[in-house]
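This report covers selected sheets, helix contacts and aromatic rings of one model. Please have the structure open while reading.

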Amino acid sequence: MVKLLSRQVSQLNHSAVDLLDEDEFVVIVEDSPEIVVLLSRYMNTLGLRVLTAGNATELYTLLETSKVALILLDIGLPDKDGIEILKDLVPRYPDLGIIMVTGSTDLATALDCLRDGADDYLTKPVRLDLFNHVVTSTLQKRRLAIENRTFQRKLEATNYRTQFLHRLNLKMNTVYLNNVELTGILQAILVGITSEEGLRFNRAFLALLDEDDKRLIGRLALGPACREEAVKVWDAIRENDLNLQDIINRIQSTDTEGDEAVSKIARQLQIPITEENNVLIASCLQKKSIVVNNGRAEHYDVPEEMLKILNHDTFAVVPLLSPSRSLGVILVDNFVTRKPITDEDLHSLEVFASQASLAIEHSHLYEDMISKIDELEEVTQELELNKDLLVASERYSAVGHMSAQLVHIIRNPVTSIGGTARMLARKIDDGYILNFLNLIRKEAAKIEATLEELFSFVEETELNIAPHSLYPLLRRSVMIFYTTMKKSSIRYNLDLPGQSPLVMVDGGRLRQVFLQLVKNGIEAMPDGGELTVECRATEAEIVVRIIDTGRGTGGATLSQLTDPFFTTKTYGTGMGLTLVQKIIDLHHGKFSLEHKEGNGVIATVTLPKEVKSDTSTSEQ
């Protein structure tokens, strides 16, 4: 009958086996060998692992040596009453299922057992179909109780973690608001990741994309270089009772970017953005967190060189993201404690990184704002210092234009008048008429002298030569038109690489050149465009090019633009480029104009390189 029942109920209760872990047992505590054999065989047919105990002493031994999930406990044992054992086991083993088995059918006894903590009650002789139901339901209740308790612990842990992250974010938010410079923000992030009040990772590294988003560059790091150093640091923090803000203040007061040993490691991390499968680049571009265990990350490359640099093969990488782009990554590890990085650790780091990303973006925006303010202040100063410079340049051109016209138009007739008066004075004896002729001759001579003086003023060739740093001259010449360019929707680009060359020139005259060329370029773009000022140095000369994307020369040939009397709507009064040509000639340089492919004009100024590039100047 046992075989028939076992085959029938095994299908109904196959899930009972799944309710036990692989190393868990069911213990039959019974002093009757016949019942033990019957129940053991039946439970074996169900796939349950069974142990037996004939008395209380053997039961306690099994509880200490084996992982027991369920006990079938006989009330009448030879050495101890089953109800007393029940009262002892319930508080000591909360995850233990207990089914009381007795030959008594007394309902009061059964109720007492249930009140004392038993899960169920069976009477002898045991019906196998009822036995199967009781065992299965008891194991199910036990599993539900364990899962509920586990879930409760996870819920409490999650709640604690959430509250912890909330408190940490509040602290970090205060720190971020008190720091606007990028280095201070990065230092605060590292402290938040590694401190006892923070996420408690042993080490943290920060790598950010460069300005062109072409390379991921390690910036700084925080953490111990070895276990001995870690112990000293942690002991010092405990002894001085330092909180998160104290640690940040100490780091920032030392005027260093982080722990020097690990910061050197961080600075070795320089990876081109083209290495898309590199674990750091992939995290940055794909905007996902990646965990590396024992030097491996599925689907991603973990270079051996990187592992050597870090001197550790298990770490996590989390991206730093702004609303518009990727900023870089945070790399963390437990270099000293070797503690594994759990999913909860990774989640906490992701939450922390999202706030840190906003702080970094805020710092970038602040730096951009400061840069714009400095730029506007520079424009204001330049306008204040040079507000009459453009007017003077135009006046100079106008005087030149007038002088050239006077010399060209008036001097020849005046010379003829004076010459005629002199010739007539030699042939006329009438004193009265001779006086008038002499007066004409003298006044004509005065006019000729005045014209010569005026022409000599325009033709002044003396230069005030002195060493000048070229880049500041170019920058100031562009920035004086900042407001005009903004109003005309003109973008400007200063391509001034390396250190500023030092040139021997007349600074004022050369400034007039650059102002005139920049002004011409701007006037050529009334509907907006781009103005580029670039400088390149060769072994013998320095070449400055001012490029606009304007309307061109209106059909005129470029050679005409430097003629004294030639003018177009784009290039002003007609003397500006003549003056440019003259000043460059005085400096023994070269000036040329050429059409830009598409639209625009390229103005090129070439100056002889009389001195070497100034590598010590701070003006760049």
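Leu321 has Ser326 in S11 as its bridge partner. Strand S10 (residues 315–321) and strand S11 (residues 326–333) run antiparallel and are joined by six bridges. Strands and helices here are DSSP runs, numbered from the N terminus, with at least two residues (E) for a strand and at least four (H or I) for a helix. Two strands count as paired if DSSP finds at least two bridges between them.

The model is predicted, with local features needing pLDDT of at least 70 and side-chain atom pairs counting only at pLDDT 80 or more, while totals for chains, interfaces and linings use all residues. Residues are numbered from 1 along each chain as its sequence is written, and side-chain values use heavy atoms, leaving out hydrogens and water.

**The antiparallel sheet**

S10 and S11 belong to an open sheet of six strands with antiparallel pairing, in the order S8-S7-S6-S11-S10-S9. Strand S8 (270–272) and strand S9 (290–292) stand at the edges with a single partner strand each, so one side of each has no neighbour in the sheet. On average, neighbouring strands of this sheet are turned by 25 degrees against each other, direction ignored. Helix H11 (residues 260–267) lies across strand S6 (203–209), strand S7 (215–222) and S8, and runs at about 170 degrees to S7. Axes are lines fitted to C-alpha atoms, for helices over the stretch in contact, and angles between N-to-C directions run from 0 to 180 degrees.

**The parallel sheet**

An open sheet of five strands pairs in parallel, in the order S2-S1-S3-S4-S5. Its edges are strand S2 (50–53) and strand S5 (120–123), each with a single partner strand, so one side of each is left without a neighbour in the sheet. Strand S1 (residues 24–29) and strand S3 (residues 67–74) run parallel and are joined by six bridges. Val26 stands opposite Leu70 in S3. Helix H5 (residues 82–92) lies across S3 and strand S4 (97–102), running at about 175 degrees to S4.

**Helix packing**

Two packed helices are described by the angle and the distance between their axes. Two such pairs are tabulated.

| Helices | Angle between axes | Axis distance |
|---|---|---|
| H4 (residues 56–65) and H5 | about 10 degrees | 12 Å apart |
| H18 (residues 470–479) and H20 (residues 507–523) | roughly 45 degrees | within 9 Å |

Angles under 35 degrees count as roughly parallel, over 145 as roughly antiparallel, 65 to 115 as roughly perpendicular and the rest as oblique. H18 is therefore oblique to H20, and H18 passes H20 in a right-handed crossing (the near helix is turned clockwise from the far one by less than a right angle).

Contact means heavy atoms within 4.5 Å. In H4, Ala56, Leu59, Tyr60 and Leu63 meet Ile85, Asp88, Leu89 and Arg92 of H5. The residues of this H4 contact with H5 divide into six nonpolar, no polar and two charged. Ala, Val, Leu, Ile, Met, Phe, Trp, Tyr, Cys and Pro count as nonpolar, Asp, Glu, Lys and Arg as charged, and the others, Gly among them, as polar.

**Aromatic rings**

The whole structure holds three aromatic pairs. Rings of Phe, Tyr and Trp (its six-membered ring) pair if their centres lie within 6.5 Å, with planes under 30 degrees apart counted as stacked, over 60 as edge-to-face and the rest as tilted. Tyr432 and Phe436 form an edge-to-face pair, 5.1 Å centre to centre with 75 degrees between the planes. Both residues, Tyr432 and Phe436, lie in helix H17 (residues 431–458), four residues apart, about one turn of the helix.
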